[in-house]
Amino acid sequence: MKFRAMVLALALAACGQGQGPAPETPAATEAPDPFTLNIEIGRYGVMLSHVHALTGDRPGSVQPEVTDPRELARALRETAWEYNIERSRLCARGLFTDVACGPAFEPVWISEPATAEPTLEELQARSSALGDEVMRFWNAVCEDARTREPDEQAKMYVCAIE
């Protein structure tokens with residue numbers, strides 16, 4: 001009988017069911033640590049880079065037809081996202097604040113589903129609107145780069161795209 005009581009007491013103690021005082025609960029949730037958040041956010045970026053690397057030439061993948069309206073719409077959305085990302089990065093560094101730090105370019109079509117199939121006329125209008133935004137940004141960055149190029153010959157090739 002004593003043996004059973006002792007086994008039961010040990011079992012309860014092991015489960016935290018003893019009659020002693022309850023262990024202290026941790027203090028109220030502490031404020032998030034910005035350094036920890038930075039590591040967490042960076043980890044997500046690394047994960048996405050790995051996804052890109054692991055799927056780049058994955059067998060069984062199909063290259064979409066570049067003239068398909070859905071593919072053109074997707075390419076426009078991606079370019080708009082990349083434009084917003086690059087502006088955000090430059091704004092965070094305090095560069096080109098007049099063209100980089102304004103509101104994000106968020107036309108209604110930037111979040112449409114992948115199945116959307118706009119007409120070629122709609123796609124042309126979207127491309128023109130995006131082009132106006134990108135060219136304004138491009139020109140500001142390129143003009144700055146030209147002013148920093150001391151070689152007059154090389155200056156002609158700064159931002160040459162053709």
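In this predicted model, helix H3, which covers residues 69–92, packs against helix H5, which covers residues 120–147, at an angle of about 25 degrees, and the axes of the two helices are 11 Å apart. H3 and H5 are therefore roughly parallel to each other, since angles under 35 degrees count as roughly parallel. The crossing in which H3 passes H5 is left-handed.

On the side of H3, the contact is made by Pro 69, Leu 72, Ala 73, Leu 76, Thr 79, Ala 80, Tyr 83, Glu 86, Arg 87 and Leu 90. On the side of H5, the residues that take part are Leu 120, Leu 123, Arg 126, Ser 127, Leu 130, Glu 133, Val 134, Arg 136, Phe 137 and Val 141. Sorted by class, the contact of H3 with H5 contains 13 nonpolar residues, two polar residues and five charged residues.

**The overall fold**

The secondary structure of the protein consists of six helices and zero strands. Read from the N terminus on, the elements follow the order α-α-α-α-α-α. The protein has 162 residues, of which 16% count as buried. Among the contacts in the protein with a separation of 6 or more, 60% are accounted for by residues 24 or more positions apart.

**The disulfides**

How many disulfides does the protein have? The count comes to two disulfides. With bonded cysteines counted along the chain, the pattern of these disulfides is 1-2, 3-4. The table sets out the S to S distance and the torsion of each pair.

| Disulfide | S to S distance | Torsion about the S-S bond |
|---|---|---|
| Cys 91 and Cys 101 | 2.0 Å | about 115 degrees |
| Cys 142 and Cys 159 | 2.0 Å | about -95 degrees |

The disulfide between Cys 91 and Cys 101 has sulfur atoms 2.0 Å apart. The torsion about the S-S bond of Cys 91 and Cys 101 is about 115 degrees, so this disulfide is right-handed. The pair links distant parts of the chain, 10 residues apart: Cys 91 is in helix H3, and Cys 101 is in the loop between helix H4 (97–100) and H5. Cys 91 has a relative accessible area of 26% and is partly exposed. Cys 101 is also partly exposed, with a relative accessible area of 32%.

A disulfide also joins Cys 142 to Cys 159, with an S to S distance of 2.0 Å. Here the torsion about the S-S bond is about -95 degrees, so the disulfide of Cys 142 and Cys 159 is left-handed. Cys 142 lies in helix H5 and Cys 159 lies in the segment after helix H6 (152–155), so the pair ties together parts that are 17 residues apart in sequence.

Is Cys 142 buried or exposed? Cys 142 is buried, because its relative accessible area is 1% and buried means under 20%. Cys 159, at 24% relative accessibility, counts as partly exposed.

**Backbone angles with a positive phi**

Cys 159 is of interest for its backbone as well. This residue has a positive phi of about 65 degrees although it is not a glycine, and its place is in the segment after H6. Phe 96 is not a glycine either, yet it has a positive phi of about 50 degrees. The place of Phe 96 is in the loop between H3 and H4.

**Two further residues of helix H3**

Arg 77 is found in helix H3. At 5% relative accessibility, Arg 77 counts as buried, because buried means under 20% relative accessible area. Which residues are in contact with Arg 77, leaving aside its neighbours within four places in sequence? They are Trp 109, Ile 110, Glu 112, Pro 113 and Ala 114.

Glu 78 also lies in helix H3. With a relative accessible area of 32%, Glu 78 is partly exposed. Glu 78 and Ile 110 are 32 residues apart in sequence. In space, their C-alpha atoms are 8.3 Å apart.

Conventions: Residues are numbered from 1 along each chain as its sequence is written. This is a predicted model: local features need pLDDT of at least 70, side-chain atom pairs count only at pLDDT 80 or more; totals for chains, interfaces and linings use all residues. Side-chain values use heavy atoms; hydrogens and water are left out. Axes are lines fitted to C-alpha atoms, for helices over the stretch in contact, and angles run from 0 to 180 degrees between N-to-C directions. Helices (H or I, at least four residues) and strands (E, at least two) are DSSP runs, numbered from the N terminus. Angles under 35 degrees count as roughly parallel, over 145 as roughly antiparallel, 65 to 115 as roughly perpendicular and the rest as oblique. A crossing is left-handed if the near helix is turned anticlockwise from the far one by less than a right angle, and right-handed if clockwise. Contact means heavy atoms within 4.5 Å. Ala, Val, Leu, Ile, Met, Phe, Trp, Tyr, Cys and Pro count as nonpolar, Asp, Glu, Lys and Arg as charged, and the others, Gly among them, as polar. A disulfide is a pair of cysteine sulfur atoms within 2.5 Å. Buried means under 20% relative accessible area, exposed over 50%, partly exposed in between (1.4 Å probe, protein chains only).
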